[in-house]
Amino acid sequence: MTPLISVQHLKKYFPVRSGLLSRVSNWVRAVDDVSFEVYPGETLALVGESGCGKTTVGRCLLRLQEPTAGDIVFAGQDLRALQGNALRQMRQHLQMVFQDPYSSLNPRMTVSDIVGEAMQVHGLTQRHNHQQKVEELLARVGLDPLYHCRYPHEFSGGQRQRIGIARALALQPKFIVCDEAVSALDVSIQAQIINLLKQLQTDFELSYLFISHDLNVVRHLADRIAVMYLGQIVEIAPTQTLFEHAQHPYTQALLKANPVPDPDTPPQSACLQGDVPSPLNPPSGCRFHTRCRLAMESCKTIQPQIKSLNAQHSVRCLLLEENSL
């Protein structure tokens, strides 16, 4: 199957300026050589600790932030080559649901204006049917169409996120980046939003890049999972395979740290020591070796390349070469 979106060797470095002339003295390597594909109708989850570069990847895909290097191909078109009106037209097919349902909506605009503005800009509605389209979208995400004249402060967090989803759907996209779309919501509301996203995916044939740190949510929603650590993908596999046969030590540590909703199950002992190193000065060799319980001497100097175990499971680890996993 041909991927809907293909990302190859994506990099995003942020300059660090210092001195009287504000010259660039260093670079923050937020995303450093990330590659993956998302297929039509698929949900690829991107997981990892805070600060590993997940959100930056999502923003680079939509050109909300300009990548430093790499290729992004959507439906056969090179997104990095598009400029001006061509880029604006392409963004009709690429949308984003933001993490914070409070700050992502303009408090001075009504729901009708928030959801309908993009449709007007892209000429998808006329004056006679604009309001009808807005109300249909609100109903589709589980909101009363009569709410179209209200302002964001009149809604709960879950309702605000439904408005954000309606705004993302307004242009009939093919691909949506969900950036921690449920992390700011209560657990019961999380379940409602997840079920809504799954239903919308079926109805509109959507593909998702679902960014999250909650493995329980990801297990319910994703077809495949990519695990990020310090700007790099260290493992990518189908969801069931990753949960049952994780190969990278970092992935194994994340799974052990994942809480189990069973009071009879004893908590796992901590297996990760220390904090994530700074992307300003990442460790040499394998970036995880400073916290890895299985690190070898070669891990300190040799940077591992991601290698395929089979057609769907890839891992970035030198231990694979030693047959130690």
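Across which strands does H1 lie, running at about 150° to S8? Helix H1 lies across strand S3 (43–47), S6, strand S7 (175–179), strand S8 (207–212) and S9. Helices (H or I, at least four residues) and strands (E, at least two) are DSSP runs, numbered from the N terminus.

## About the model

This is a predicted model, where local features need pLDDT of at least 70 and side-chain atom pairs count only at pLDDT 80 or more, while totals for chains, interfaces and linings use all residues. Residues are numbered from 1 along each chain as its sequence is written, and side-chain values use heavy atoms, with hydrogens and water left out.

## The eight-stranded sheet

Let's start with the sheet from the opening question. Eight strands line up in the order S6-S7-S8-S3-S9-S10-S12-S11, giving an open sheet with mixed pairing (two strands pair if DSSP finds at least two bridges between them). Strand S6 (94–97) and strand S11 (307–308) sit at the edges with a single partner strand each, so one side of each has no neighbour in the sheet.

Within this sheet, S9 and strand S10 (residues 232–238) run antiparallel and are joined by six bridges. Methionine 228 has isoleucine 233 in S10 as its bridge partner. Helix H6 (residues 187–204) also packs on the sheet, where H6 touches S3, S7 and S8 and its direction makes about 160° with that of S8. Here, contact means heavy atoms within 4.5 Å; axes are lines fitted to C-alpha atoms, for helices over the stretch in contact, and angles run from 0 to 180 degrees between N-to-C directions.

Arginine 224 is part of strand S9 (residues 224–229). With a relative accessible area of 11%, arginine 224 is buried (buried means under 20% relative accessible area, exposed over 50%, partly exposed in between, using a 1.4 Å probe and protein chains only). Leaving aside neighbours within four places in sequence, its contacts include Glu37, Glu42, Ile236 and Thr239.

## The four-stranded sheet

There is also an open sheet of four strands, ordered S2-S1-S4-S5 with antiparallel pairing. Strand S2 (23–38) and strand S5 (77–78) are at the edges, each with a single partner strand, so one side of each is left without a neighbour in the sheet. Strand S1 (residues 5–18) pairs with S2 over 12 bridges, in the antiparallel sense. Helix H1 (residues 54–61) lies across S1, S2 and strand S4 (69–74), at about 110° to S1.

Valine 7 is a handy residue to look up in strand S1. Valine 7 stands opposite phenylalanine 36 in S2 and counts as buried, at 0% relative accessibility. Not counting residues up to four places away in sequence, valine 7 touches Val34, Ser35, Phe36, Leu61 and Asp71.

## Two packed helices

Helix H3 (residues 111–121) packs against helix H4 (residues 130–140) at an angle of about 115°, with the axes 10 Å apart. Residues making the contact include Val115 and Met119 of H3, along with Val134 and Leu137 of H4.

## Cysteines

How many disulfides are there? The count comes to zero, taking a disulfide as a pair of cysteine sulfur atoms within 2.5 Å. Cysteine 317 is in no disulfide, and the nearest cysteine sulfur, from cysteine 286, is 6.3 Å away. Cysteine 317 counts as buried at 9% relative accessibility, whereas cysteine 149 counts as partly exposed at 48%.
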